[in-house]
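Look at the model below with its charged side chains and its sheet in view. The walk starts with the charges and then moves to the strands.

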Amino acid sequence: MLLMRESYEENAVRTLAEPVQVAAGSIGSISVLRGQLLRITAQGDGAVASLFGFSLANPAVWLSVHHTRVFSNSYLLGSGMRLVNNRRRPMMVLGKDSVKRHDLLLPASTTAFLAERGYPGEGCLDALRGELARLGMVVPKLPDPINLFMHVKLTREGEILPETNLTQAGDSITCRVVMDTQFIVSACNTGIEGNDRPAPLLLSVAENLHDFNVE
């Protein structure tokens, strides 16, 4: 089973990150070790979580939405799908998902982009740059995110059409992480119509599903 915990040596040191609250319009980060579960929970209606991930061993290895699409031959994120890094190695596997609507196509917003469209606040990419600096992580480039909970569709003609976000407070995804990873999650405004009302997020880590006290 994808969400079953792998076995580890009894003397292995297993730290568990404390939950992280990400306010609407801001960014947060959490470290997750190989084999642990990461849960991202919407704490307000219309939430979007722009997800980035960097290997703790080598920040030049990051969660790549581009390689994930090619690796899975899909632009849709579905249960059991492996999310891979820029070296085509799995970083996490999607398990529980109450929304089943996520975007693998659109780039992160920037502060300049938001300002041009009349939105206040910091863009996802600028917030990511600041969070990486705070963590002391140096990366060769800023990757595009996996936009969790964002509602868009692709037409037969190839158009990307934003749709009204239907995510509700309490919705979540849970992934089994397969590489020690520093995850950074933005709740900044995307600037995408229908998905442009930032809401807070909760990032939490557990060894097993029952540790979340939520099914």
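**Salt bridges, sheet and strands**

A search of the whole structure finds 4 salt bridges; a salt bridge here is a side-chain nitrogen of Lys or Arg within 4 Å of a carboxyl oxygen of Asp or Glu. This is a predicted model, in which local features need pLDDT of at least 70, side-chain atom pairs count only at pLDDT 80 or more, and totals for chains, interfaces and linings use all residues. Residues are numbered from 1 along each chain as its sequence is written, and side-chain values use heavy atoms, with hydrogens and water left out.

Begin with R101. Its salt bridge partner is E163, and the closest N and O atoms are 2.4 Å apart. This pair links distant parts of the chain: R101 sits in the loop between β6 and β7 (102–103), E163 in the loop between β10 (160–162) and β11, 62 residues apart. Helices (H or I, at least four residues) and strands (E, at least two) are DSSP runs, numbered from the N terminus. E163 also forms a salt bridge with K153, with closest N and O atoms 3.9 Å apart. K153 belongs to strand β9 (residues 152–154), 10 residues from E163.

R101 is partly exposed at 29%. E163 is partly exposed at 26%. K153 is partly exposed at 42%.

Another salt bridge joins E131 and R134, at 2.7 Å from N to O. Both residues lie in helix α3 (residues 124–135), 3 residues apart, about one turn of the helix. E131 is buried, at 8% relative accessibility. R134 is exposed, at 57%.

Now turn to the sheet. It is open and has 6 strands, in the order β1-β13-β3-β11-β6-β5, with antiparallel pairing. Its edge strands are β1 (20–22) and β5 (82–84), each pairing on one side only. Two strands pair if DSSP finds at least two bridges between them.

β1 and β13 pair in the antiparallel sense over 3 bridges, and V20 stands opposite L203 in β13. On to β3 (residues 37–42): this strand pairs with β13 (residues 201–206) over 6 bridges, again antiparallel. L37 has A206 as its bridge partner in β13.

What covers β13? Of its 6 residues, 6 are buried. L201, L203 and V205 point one way, while L202, S204 and A206 point the other way, and all are buried. In a regular strand the side chains alternate between the two faces of the sheet.

Next comes the other end. Strand β11 (residues 172–177) is joined to β6 by 4 bridges, and the two run antiparallel. Here D97 stands opposite I173 in β11. β6 (residues 90–97) is mostly covered, with 6 of its 8 residues buried. β5 and β6 pair in the antiparallel sense over 3 bridges, and L83 stands opposite M92 in β6. The hairpin of β5 and β6 has 5 residues between the strands, and R88 there takes a positive phi near 65 degrees.

One ring contact remains. R39 lies over the face of F212, at 4.3 Å from the ring centre; a charge sits over a ring if NZ of Lys or CZ of Arg is within 6 Å of the ring centre and within 35 degrees of the ring normal.

Methods: Buried < 20%, exposed > 50% of the residue type's maximum accessible area, 1.4 Å probe, protein only.
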